[in-house]
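Q: Please walk me through this structure in short steps.

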Amino acid sequence: MRSLAANADTRLSLWRRVREYAVPPSMIEAATARRRVGDWAGACAAARVDVDLDLRAVVRRHGRELGVRLRADVRHLAPDLLRWHMPRIAPDGLLRPGLTVSLARYGPTEHNDAEPVHLVARTPPAWADAGQRISLALWAGPHDEGDRHHPHARPDRRFRFDLHRHLWDVRRADELRSRSGTWQVTPDSSSTMRPDPTWDGLGECGYAVHRWAAEAVLLLQAEGRTSGAVAVRLGPRRRLRLDVAAAGTDRLPPVARIAGASRAGRAAGLPVLPDAATWMAPDLELLRRGLIELDRLHPLVASALAPGHPVAATPASSDPAAAPRLVACRGTWHRIGLVNGVLTPLDHDPAEIRREELLAALTGTPLACLQAIDEAHRRPECLPDVRARLDHGDIVGALATVEDLLGPEALLRDGDLRAELENAALRRISYGLFRAGLTGHGPPPGSRDWQPKRDRRCHPRHTIAR
């Protein structure tokens, strides 16, 4: 149990990082503005979601009824909210690679489709994850022609949002509080959990034990059943079996009982409790532990978790205002700042600066002010922040941070900062090739930029987070 508690702390640290970098306020503001005027495709573009949908083709293939339902769903899709809740992986909180998440499931259509049709959100494999982009598509079965380039085209059983529409549908966003695994359980709850005393500490580790019964019932109902067994994934080889009894004739709520732990193989074939139902909402845990402020949450999340609390239209930015920089130079403090869009020493005359630059070109030691400027170009203190923004696809935010430091007219010198920006630009080529279907299921021949970000989906030593 102690290891589970440590994993819970690691999970919260990961989600705190995700909340800081993954969905910047500018994205939320732009996507919300487009969605509110009915431009759902523009909202997806603002949230870096590629749309692989043709509504007219859907009507021709699957019928008008499904087309009407799909159109209503995409018009109420908040792509920034979807990105906010998408499954992530440790250690950096990047999108879980190579994943297909079902957002909505449409039953048999008037064209008698053999399998249900799913509205899905997909993430590219790790070698093509530049920009952390998501694609929106329709999955109509294993033989769908649009699936041939994706490594895991079938909707994932564990990571699914069709039973948790409040994670992306603005019409259901207010359900987050009631579906987030809160500790308060009222006597008239729709279901009851009777855990084995051995597992009482699971709730302290972030598991939404008090919601498992209700969520298991919803899962079984989606499978067309009212009772049965459900598997709960606790780790790569750890499962719990939930036995759900149907509601009694005296209108008692359904009851779920933890039957015990088992290995993954023994739970094969059982419906898997969705990961979104297994854990408490990370935003709720971050708030309870004082690791995030309400104003830093997505507006839809904040209004759901704290009804009636005044919430800003977009989360507050954590970037501090640019402050003047002081450098110890020749026994006193000198200033460096932006002049004509370039970082420049402010307490040295131009002639002195030219002499010192010539001295540096001849392998001499320049002024401390010029050394500080050179260090800012090559390896600035904000480099970890820039790297995190680039990893999460926030190119605009990363460039804004660089411009605030060096100025919009600066010419970057060779160093770690320039290498990070160049690598981010080159990796976008791999994503473009993947989107165009020119690489099959693997990286381009000779490509090396994908290697540091291996597909950790099945890596046994990696901690996986929702």
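A: Start with a rule: two strands pair if DSSP finds at least two bridges between them. Helices (H or I, at least four residues) and strands (E, at least two) are DSSP runs, numbered from the N terminus. This is a predicted model, so local features need pLDDT of at least 70, side-chain atom pairs need 80 or more, and totals for chains, interfaces and linings use all residues. Residues are numbered from 1 along each chain, and side-chain values use heavy atoms, without hydrogens and water.

Q: How many helices and strands are there in the protein chain?
A: There are 16 helices and 13 strands.

Q: And how much of the protein chain is buried?
A: Of its 466 residues, 50% are buried. Buried means under 20% relative accessible area, exposed over 50%, and partly exposed in between (1.4 Å probe, protein chains only).

Q: What share of the contacts is between residues 24 or more positions apart?
A: The share is 67%, counting contacts in the protein chain with a separation of 6 or more. A contact means heavy atoms within 4.5 Å.

Q: Sheets next. What is the strand order in the open sheet of 3 strands?
A: The order is β11-β12-β13, and the pairing is antiparallel. At the edges sit β11 (325-329) and β13 (342-345), each pairing on one side only. On average, neighbouring strands of this sheet are turned by 35° against each other, direction ignored. Axes are lines fitted to C-alpha atoms, for helices over the stretch in contact, and angles run from 0 to 180 degrees between N-to-C directions.

Q: How many bridges link β11 and β12?
A: There are 5 bridges between β11 and β12 (residues 332-339), in the antiparallel sense.

Q: Which helix lies across β11, β12 and β13?
A: Look for α15, residues 395-406. Helix α15 runs at about 125° to β12.

Q: Where is Arg330?
A: Arg330 is in the loop between β11 and β12. Its phi is near 55°, a positive value in a residue other than glycine.

Q: Why point that out?
A: Because most residues other than glycine have a negative phi.

Q: Is Arg330 buried or exposed?
A: Arg330 is exposed, because its relative accessible area is 58%. Thr363 also deserves a look: its phi is near 70°, again positive in a residue other than glycine. Thr363 is in the loop between α12 (350-361) and α13 (368-378). At 74% relative accessibility, Thr363 counts as exposed.

Q: Where is the cis peptide bond?
A: The cis bond joins Ala90 and Pro91, with omega at about 5°. Pro91 belongs to the loop between β2 (88-89) and β3 (94-95). Most peptide bonds are trans.

Q: Back to sheets. What order do the strands take in the open sheet of 4 strands?
A: The order is β1-β6-β5-β4, with mixed pairing. Its edge strands are β1 (49-51) and β4 (100-106), and each pairs on one side only. From one strand to the next, the twist averages 25°. Inside the sheet, β5 (residues 117-122) and β6 pair in the antiparallel sense over 5 bridges. His118 has Trp139 in β6 as its bridge partner. Helix α5 (residues 64-75) packs on the sheet and touches β4, β5 and β6. The direction of α5 makes about 130° with that of β4.

Q: Which strands form a hairpin?
A: β8 and β9 do, with 2 residues between them. β8 (residues 228-235) and β9 (residues 238-245) pair in the antiparallel sense over 7 bridges. Val232 stands opposite Leu240 in β9. β8 is mostly covered, as 6 of its 8 residues are buried.

Q: Where does His164 lie?
A: His164 lies in the loop between β6 (134-139) and α7 (176-179). His164 is buried, with a relative accessible area of 1%.

Q: Which residues is His164 in contact with, leaving aside neighbours within four places in sequence?
A: They are Arg179, Glu215, Pro274, Ala276 and Ala277. The side chains of His164 and Glu215 are joined by a polar contact of 3.3 Å. A polar contact is a pair of N or O atoms within 3.5 Å; within protein, one must be able to donate a hydrogen and the other to accept it, and residues adjacent in sequence count only if both atoms are side-chain atoms.

Q: Last one. At what angle do α14 and α16 pack?
A: About 5°, with axes 11 Å apart. Helix α14 covers residues 383-391 and helix α16 covers residues 416-435. In α14, Leu383, Val386, Arg387 and Leu390 meet Asp416, Leu417, Glu420, Leu421 and Ala424 in α16.
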